[in-house]
Amino acid sequence: MVRNIITVIFCSIGAFWFLLGTTGLLRMPDIFSRLHPSTKCDTLGACSVMVGVAVYSGSLWDILKLILIMCFLLLSSATCGHAIGRSAVRRDIAPWRKSEEEEQ
Amino acid sequence: MDRGFVFRRKLLLFAVLFLFWIVLTATLAANDIVLGAISSALVAGITMLLFGQALDDRFTPRVLLKLPWFILRLIWEIIKANIDVAKIILNPKLPVDPRIVQYRTYLPDDLPRTFFADSITLTPGTVTVDIEDNLLSVHCLCPYHEEGLAGLESLVAWLFGVKPDD
């Protein structure tokens, strides 16, 4: 029972982070700023869902596997964000600046 | 390369692969362990033959032991980063002032720099967008996010046992 409650709490927190990540993705002004919520919030959201699943499962082997998945996720989401940012820089896309909007 | 060094690299790769095998098979039965040991040893030997190196040279047993503590510290930084970014996202005014800053790092070689770039991407309002030799282009969401970079750099330096003046 307690275990179920902890699982629900962690999964809800994870879902909340996903919601925030998507909100940020929609609100940010340009491609670089959009990378921030999508690389950070989604990683933490997925990690906290996995913590919830680990608590629910309770078996040592499953927990070890979930930890491996988390490490992979930390590596892959950062690399993915880096790849998108790099290609944007290589295409000479100018980053959005605050002052430009005020001048218009 | 002397024999002892080659053997130690093989042994390290073998240990990493074998641990990975045990976690994935999720049993401690004798036949699984033996099969895992044989295949790990084969892969370690063949890797050394094909590539002349097993794992990155910077990847030593000491780094492997420090890695869990490093990941815990990093996750703590990520949680702080997320709360910070969440506040910006939920603020109706969207107080962002993004800019790309150049950061020159003292970290040597590919592996520490990769770790540093990945850590930057995962922490407060910063994304590494390009790297050339030791010059990183970092996109910051707000100007004050740039201040976190030095602390992160010293964390990665600690992981690989690198001194700033190297």
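**Contacts within chain B of the predicted model.** For residue pairs of chain B that touch and lie at least 6 apart in sequence, 67% join residues at least 24 apart. Two residues are in contact if their C-beta atoms, placed from the backbone, lie within 7 Å. This is a predicted model, in which local features need pLDDT of at least 70, side-chain atom pairs count only at pLDDT 80 or more, and totals for chains, interfaces and linings use all residues. Residues are numbered from 1 along each chain as its sequence is written, while chains are lettered from A and ligands numbered from 1 in the order in which they are written.

**Secondary structure of chain B.** Five helices and three strands are present in chain B, in the sequence order α-α-α-β-α-β-β-α. Helices (H or I, at least four residues) and strands (E, at least two) are DSSP runs, numbered from the N terminus.

**Dimensions and burial of chain B.** The C-alpha atoms of chain B occupy a box of roughly 60 × 40 × 25 Å along the principal axes. Of the 166 residues of chain B, 29% are buried, that is, 20 or more other C-beta atoms, placed from the backbone, lie within 10 Å of the residue's own.

**The side of chain B that touches chain A.** Chain B brings 28 residues to the contact and chain A brings 33 residues. On the chain B side, α3 (61-90), β1 (99-104), α4 (110-122), β2 (126-132) and β3 (135-140) each supply at least two residues. The most come from α3(B), with eight residues.

Note on methods:
A residue is buried if 20 or more other C-beta atoms lie within 10 Å of its own, exposed if 12 or fewer, and partly exposed in between; C-beta atoms are placed from the backbone.
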